[in-house]
Amino acid sequence: MSGKYLVTGGAGYVGSVVAQHLLEAGHEVTVLDNLSTGFREGVPAGASFIEGDIRDAAKWLDSSYDAVLHFAAFSQVGESVVKPEKYWENNVGGSMALLAAMREAGVRKLVFSSTAATYGEPEEVPIVETARTSPTNPYGASKLSVDFMITSEAAAHGLGAVSLRYFNVAGAYGSCGERHDPESHLIPLVLQVAQGKRDAISVYGDDYPTPDGTCVRDYIHVADLADAHLLALKAATPGEHLICNLGNGEGFSVRQVIETVRQVTGHPIPEVVAPRRGGDPASLVASATRAKERLGWNPTRADLAGIVADAWAFAQNVSKG
């Protein structure tokens, strides 16, 4: 059965891919985005578009909507350290205003874009949802604060909510792909070297307790991620806040990613070893058992070469305009 959904931040990377998946499933989609980090051309054809802020969501949200999928957030870890007020005001303050608008409109279902940054330095890998949460930066802390807020909203007001904690999202889907300004994610940065936009890729630390000394991360294809959001809409239960990790359960090191980009692009990809960055855990790998059991989610695009190939095709298309 088709539904009507508001997608906040739907002009951004993950939000646009999820909006496209919703449209392909026959749903009615409205994207709300202030375009501070998103791109107007990223809004999928067929979706209605409102250029506006989530703090003003009450202007547009009404009882005709079946659910909200909430992606609108600032997500640059480094920036959050030097401008924490920006993250508290937007990520937390904006989410609080959105929850109030949903309550007023009687919209009682939410899927929230959370993050593995809520865990901080993991005590055990793979990471399960019951692991200790201790964010190492204001970005992760802001997302964890919203998770606490949603738990309270569900208990007090009957909201049915699912928070999806992403690990490293990558790849592209159709005309939707990853582009940030400034770029901070590894795969797009390495692809910029292949395109001649950078001379080399910096490897921050090669002395970690990992097989090749570089950090290990769990990469998930953005299309697999989008599938989980549609399943989460079905799983959301009144009065419950379900939290699920999304990852492949397998880690790839920085050097494995660089070598995969070399193979996919045919470019040598020079690398330069730089000092470790503070707060970078040696290994972040998800246990997605709960998502598989509660949502029925099974990622099907776990091959790193395939993820990189999709991201490479998107990067070349963007360069061509």
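Reader: Which helices each supply at least two residues of the lining of the second largest pocket?
Author: This is a predicted model, in which local features need pLDDT of at least 70, side-chain atom pairs count only at pLDDT 80 or more, and totals for chains, interfaces and linings use all residues. Residues are numbered from 1 along each chain as its sequence is written, and side-chain values use heavy atoms, with hydrogens and water left out. Helices (H or I, at least four residues) and strands (E, at least two) are DSSP runs, numbered from the N terminus. The two helices are H5 (186-194) and H9 (304-319).

Reader: Which element gives the largest share of that lining of the second largest pocket?
Author: A pocket is found on a 1 Å grid over the protein atoms alone, as an open set of points with protein on both sides within 12 Å along at least five of seven lines; a cavity is a set where a 1.4 Å probe fits but cannot get out, and lining residues have an atom within 4 Å of a point. The largest share of the lining is five residues, and it comes from H9.

Reader: What is the volume of the second largest pocket, and which residues are closest to its centre?
Author: Grid points are joined across faces, edges and corners, and a volume is the space filled by probe spheres set on the points. By that rule the second largest pocket has about 230 Å³. Of its 15 lining residues, the closest to the centre are Glu-178, Arg-179, Pro-188, Gln-195 and Ala-315.

Reader: How do the lining residues of the second largest pocket divide by type?
Author: Ala, Val, Leu, Ile, Met, Phe, Trp, Tyr, Cys and Pro count as nonpolar; Asp, Glu, Lys and Arg count as charged; the others, Gly among them, count as polar. On that scheme the lining divides into seven nonpolar, four polar and four charged.

Reader: Which residues line the largest cavity?
Author: The whole structure has one cavity of 30 Å³ or more. The largest cavity has a volume of about 40 Å³. Its lining has four nonpolar, no polar and three charged residues. They are Tyr-119, Glu-121, Pro-122, Glu-123, Ile-127, Ala-131 and Arg-132.

Reader: Where is the cis peptide bond that ends at Pro-126?
Author: Most residues other than glycine have a negative phi, and most peptide bonds are trans. Pro-126 lies in the loop between strand S5 (109-115) and helix H4 (138-157). With omega near 5°, the cis bond runs from Val-125 to Pro-126.

Reader: Is Leu-35, with its positive phi, buried, partly exposed or exposed?
Author: Phi of Leu-35 is near 60°, and Leu-35 is not a glycine. Leu-35 sits in the loop between strand S2 (28-33) and strand S3 (48-51). Buried means under 20% relative accessible area, exposed over 50%, and partly exposed in between (1.4 Å probe, protein chains only). At 23%, Leu-35 is partly exposed.

Reader: What is the relative accessible area of Ile-269?
Author: Ile-269 also has a positive phi, about 50°, although it is not a glycine. Ile-269 lies in the loop between helix H7 (254-265) and strand S12 (271-274). Ile-269 is buried because its relative accessible area is 0%.

Reader: How many disulfides does a search of the whole structure find?
Author: A disulfide is a pair of cysteine sulfur atoms within 2.5 Å. Cys-176 is buried, at 4% relative accessible area, and Cys-215 is buried, at 6%. The number of disulfides found is zero.

Reader: How far apart in space are Val-77 and Pro-138?
Author: Val-77 is in helix H2 (residues 77-82). Val-77 is partly exposed, with a relative accessible area of 37%. In sequence, Val-77 and Pro-138 are 61 residues apart; C-alpha to C-alpha, the distance is 7.5 Å.

Reader: What radius of gyration does the protein have?
Author: The radius is taken over C-alpha atoms, and the globule rule is 2.2 Å times the number of residues to the power 0.38. The C-alpha trace spans about 55 × 45 × 40 Å along its principal axes. For 321 residues, a compact globule would have a radius near 20 Å, and the protein agrees with 19 Å.
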